[in-house]
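I opened a new page in my notebook today. Here is what I looked up, entry by entry.

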Amino acid sequence: MVNLLDLKWLKRCSQQLRDMADDPDSAQLVINAMDDDPELREELPHIYVRALKTLELSRKK
């Protein structure tokens with residue numbers, strides 16, 4: 001059973017992943033890590049796509 005502290009920790013980690021995916025410098029690291037681990041990419045496709053979009057937008061600037 002998951003307790004409340006676990007849920008808060010998961011929420012915090014999720015926010016940190018979104019922040020990393022929104023930062024052009026970190027987005028490439030996220031993509032590289034997920035390319036190396038297909039299971040991770042399958043579990044967090046929204047983070048992968050977010051990081052890809054961030055990189056695409058940063059290259060257009």
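**Ground rules.** I am reading a predicted model, where local features need pLDDT of at least 70, side-chain atom pairs count only at pLDDT 80 or more, and totals for chains, interfaces and linings use all residues. Residues are numbered from 1 along each chain as its sequence is written, and side-chain values use heavy atoms, with hydrogens and water left out.

**Overview.** I found 4 helices and 0 strands in the chain; these are DSSP runs numbered from the N terminus (helices H or I, at least four residues; strands E, at least two). I noted that 18% of the 61 residues count as buried, meaning under 20% relative accessible area, where exposed is over 50% and partly exposed is in between (1.4 Å probe, protein chains only).

**α1 with α4.** I looked up helix α1 (residues 4-22) against helix α4 (residues 45-60) and found an angle of about 25°, with the axes 7 Å apart. The two are therefore roughly parallel to each other. From α1, the contact (heavy atoms within 4.5 Å) takes L17, R18, A21 and D22, and from α4 it takes I47, R50, A51 and T54.

**α1 with α2.** Here I got an angle of about 110° and axes 5 Å apart, so α1 is roughly perpendicular to α2. M20, A21 and D22 of α1 meet P24, S26, A27 and V30 of α2.

**The core.** Which residues make up the largest nonpolar core? I listed A21, A27, V30, I31, M34, I47, Y48, A51 and L55, 9 residues in all. Such a core is a set of buried Ala, Val, Leu, Ile, Met, Phe, Trp, Tyr and Cys residues joined through side-chain atoms within 4.5 Å. Helices α2 (24-36) and α4 each give two or more residues to this core. I also checked M34, which touches L40, R41, L44, I47 and Y48, leaving out residues up to four places away in sequence.

**A look at T54.** Is T54 buried or exposed? T54 counts as buried, because its relative accessibility is 11%. T54 lies in helix α4, and its side chain reaches the backbone oxygen of R50 at 3.0 Å. Beyond its neighbours within four places in sequence, T54 is in contact with A21, D22, D23, P24 and A27.

How values were computed:
Axes fitted to C-alpha atoms, helices over the stretch in contact; angles between N-to-C directions. Parallel < 35°, antiparallel > 145°, perpendicular 65-115°, else oblique. Polar contact = N/O pair within 3.5 Å; in protein donor to acceptor, adjacent residues only side chain to side chain.
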